[in-house]
Amino acid sequence: MTDALHILKVALDVPLDRVFDYRTDKPNTQIGQYVVVPFGARKMIGVVVGISDTTAIESKKLKSIIRLDPEVIFDEQSFKLFQFCSQYYHYPLGQTILSAVPSRLKKLNTKAMAKKYLYRLTPKAIELGVDQLPPRQTILKRIVMALIDATLLDESSLRSISSTWKKSIETLDEMGWIAKEEVTSDDKAYRQAPIPSLNDEQQKAFDEISKTNKTFAAWLLYGITGSGKTEVYIRLIEEALKKEDTQVLVLVPEINLTPQLESRFRSRFEKYTLVTLHSHLTDNERLTHWRLAKEGAAKIVIGTRLSVFTPMPHLSLIIIDEEHDASFKQQEGLRYHARDVAIFRAKSENIPIVMGTATPSLETWFNATKTKDTKKFGFLKLTSRAVDDSALPEIKCIDVAKSKVSKGFSPYLIEAIRDRLHKKEQSLIFINRRGFAPVLLCSSCQWTGRCHRCSSRLVVHLNQKRLRCHHCGHDEKMPQQCPSCGNTDLYPTGLGTQRIEETLKEFFPEARILRVDRDSTKTKEALNDLFLKMKNREIDILIGTQMLSKGHDFPHLSLVGVIDTDQALYSPDFRASERLFSQLMQVSGRAGRANIKGEVYIQTAFPNHPIFEALKTHDYENFANELLKERELAELSPFAFLVLLKAEAHQLTHVMQFLNEAMTKAQNLSTQVTVYNPVRPIMERLKGMERAQLVLQANSRVALQKLLDGWVSYLRENKLGQRVKWVVDVDPLEF
Ligand SMILES: Nc1ncnc2c1ncn2[C@@H]1O[C@H](COP(=O)(O)OP(=O)(O)OP(=O)(O)O)[C@@H](O)[C@H]1O
Ligand SMILES: [Zn+2]
């Protein structure tokens, strides 16, 4: 008689939808432990997802695990979540799990971690103040100002202010300005900000949602910008944490997770351990925070999309801020939507989930207001701004056809800016650059610079005098004369942020102007610097793109000028007007936040377009309902469910053959699903690869999923898959 075999079913980070059997001599292994195993000639990290005493593998071929780590990295609830995602997004289980655990775990050797500290200013520093710092020490200044704001900051927040924060902290330490304390799980003292009492609408929202604690309910908290949604979240969290053994997960878009937001939460939850999870943490920090959550020690987890997978044994409430934000959708690997995964998780753990926004996604708007199943999807409104005397800004369209536009600016807008300069208030010039950037154009033969690897035009970077491909990064010198006809009169078309900046400098030589875009604000530290400068009125005019439109408070900002948004009105993307509306609504929300009145000027050739009519009256509801009618007629989301198959290869014939076979197969698998012909996307070539895609569409999610089960395994087995790279995107946001 032989000993009973201990066979571990191990999920690995490989693109195969199966688990692998390994032998172990450790009888009390648990599901969720991770292991190092031999895989071909390599060693790999894997996760135990099953334990058995039988295997179909011959005992000669059965290999043993190399190492078993004692840490159990997920619990039963997380495992359910992984299984759901693997099935719903048709992505292998092993890859699903391993894309959700902190990458630090995946390194083959884990070292002990260093102690962690929190930093605060000494009374001496507070007394002397920033003005006493040496004039050119901008990083020191930034850190001190952030500490004045937040009282206590941890290392990750400091790092987001500057990558050289350590040196600055040492300097401050030598000056006797800083005190540090070791991080323990509780006992933190953040400054207490005055706590407002809830207004009627906030109170109603709080009461309704509180009624559903302990059971699943999805809530849309629809509240205009500045209506006090965050205050409602905070009260709900307070309420939840009154009970022992509770944890709360707060999901936010990446750009919103600033030290300011973190400190607002910390100051209100000083008794509780709060951790953040986002991409600006180091691997070690991420792992520490994640473990605190997994062990139940962290009561509040604030994180970006990936944190929806954080194991939290006592999870009792999920909050999603800015529910409509596209950054909740992961665009590579496991293409999940964190909001949808969060709803599944709330359902499966039988807890409430609250989604707040001023401009809900049409899917959520539909669920909350139009479906019969409103018992499971509650709808709450906050219709006025929370701070007394703060009204919504007045929105005006400037008809560029009737106004004498000079270098992109109409005289009305220029006058409005001049007026703010006079009143020492701030202006924001917003350019919607989605899908738009200046290209170099030859005035005589219409030549434009093109990327030789992608079907895209090269973007002009005037300061560096270079042309760059924004898709593959290809970079070349800006030519002196047209490569096609030799003409030397080459000029950049359209309005980039750099050109706007130059024009504004001409109009207002005395103004302090700051331009913010991906080129000038690559790091989070630069962005934080900007917030501080705005707050201290060191900037008069801010020029920026969509990254500025999210929920930041600029108390001295009273004018927003929007230029050049018209291309989004006629985009082939069916979500373009939904996005434009929410972007303009968000950016308008930046004006007049405190007690100065805000104004928004939109320059457009289509001042009567319904989107602007709706904006002027701040009428998201009407606009959304109109859009829903259009979507219903066109049979688009949320009335139909879509799946996108994207494929690319060096040769177009391979791509097309693969997609045509896929199309035929899909047609044979189901009659309830519409299968469209393969088409080329707008970006036909990318990084030297030829691309094409096809769309599946169905009225029934179940029918679509059923088709996908058979179809995706068929695609995985297709021999052309060796030449063609493909991905399946369920509920795609971009086409
Ligand atoms: N009931 C209240 N009474 C007075 N002030 C309040 C009240 N609720 C919130 N506030 C204040 O109003 C401002 C906006 O509130 P909050 O940030 O909660 O709004 P929001 O809807 O989350 O904003 P955003 O649109 O930026 O996401 C904050 O300064 C907050 O302190
Ligand atoms: Zn390119």
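Student: Let's start inside. Leaving out residues up to four places away in sequence, what does tryptophan 219 touch?

Tutor: Bear in mind that this is a predicted model. Leaving out residues up to four places away in sequence, Trp219 touches Ile209, Gly378 and Leu380, plus Pro352, Ile353, Val354 and Met355.

Student: And how many residues are in the largest nonpolar core?

Tutor: That core has 152 residues. Trp219 is among those with the most contacts inside it, together with Val250, Val301 and Ala342. There's also a second, separate core of 20 residues, which includes Leu140, Ile161, Leu172 and Trp177.

Student: Switching to helices. At what angle do α1 and α2 pack?

Tutor: About 125°, with the axes 9 Å apart. Here α1 covers residues 76-88 and α2 covers residues 93-100.

Student: Why is α1 called oblique to α2?

Tutor: Because angles of 65 to 115 degrees count as roughly perpendicular and those over 145 as roughly antiparallel, the angle of about 125° makes α1 oblique to α2.

Student: Is the crossing left-handed or right-handed?

Tutor: Right-handed, as α1 passes α2.

Student: Which residues make that contact?

Tutor: From α1 you have Phe82, Gln83, Cys85 and Ser86. The α2 side brings in Leu93, Thr96, Ile97 and Ala100. By type, the residues of this contact divide into five nonpolar and three polar, with no charged ones.

Student: What about phi at aspartate 245?

Tutor: Phi of Asp245 is near 50°, a positive value in a residue other than glycine. For context, most residues other than glycine have a negative phi. Asp245 has its place in the loop between α9 (229-241) and β10 (247-251).

Student: Is Asp245 buried or exposed?

Tutor: Asp245 is exposed, with 9 other C-beta atoms within 10 Å. The cut-off for exposed is 12 or fewer.

Student: And glutamate 322, what is its phi?

Tutor: Glu322 has a positive phi of about 55°, although it is not a glycine. Its place is in the loop between β13 (315-321) and α12 (338-349). Glu322 counts as buried, with 23 C-beta neighbours inside 10 Å.

Student: Where does histidine 337 lie?

Tutor: His337 lies in the loop between β13 and α12. His337 is buried, with 22 other C-beta atoms within 10 Å. Not counting residues up to four places away in sequence, it touches Phe328, Lys329 and Asp731.

Student: How far is His337 from aspartate 21?

Tutor: Their C-alpha atoms are separated by 31 Å, and the two residues are 316 residues apart along the chain.

Student: Last one: where is asparagine 487 found, and what does it touch?

Tutor: Asn487 is found in the loop between β21 (475-477) and β22 (490-492). Not counting residues up to four places away in sequence, Asn487 touches Cys442, Ser443, Ser444 and Cys445, along with Gln481 and Cys482. Asn487 counts as partly exposed, with 13 C-beta neighbours inside 10 Å.

Methods
Residues numbered from 1 in each chain as written. Chains lettered and ligands numbered in written order. Predicted model: local features only at pLDDT ≥ 70, side-chain atom pairs only at ≥ 80, totals over all residues. Axes fitted to C-alpha atoms, helices over the stretch in contact; angles between N-to-C directions. Helix = DSSP H or I, 4+ residues; strand = E, 2+ residues; numbered from the N terminus. Parallel < 35°, antiparallel > 145°, perpendicular 65-115°, else oblique. Left-handed = near helix turned anticlockwise from the far one by under 90°. Contact = placed C-beta atoms within 7 Å. Nonpolar A, V, L, I, M, F, W, Y, C, P; charged D, E, K, R; others polar. Core = buried A, V, L, I, M, F, W, Y, C linked by C-beta atoms within 7 Å.
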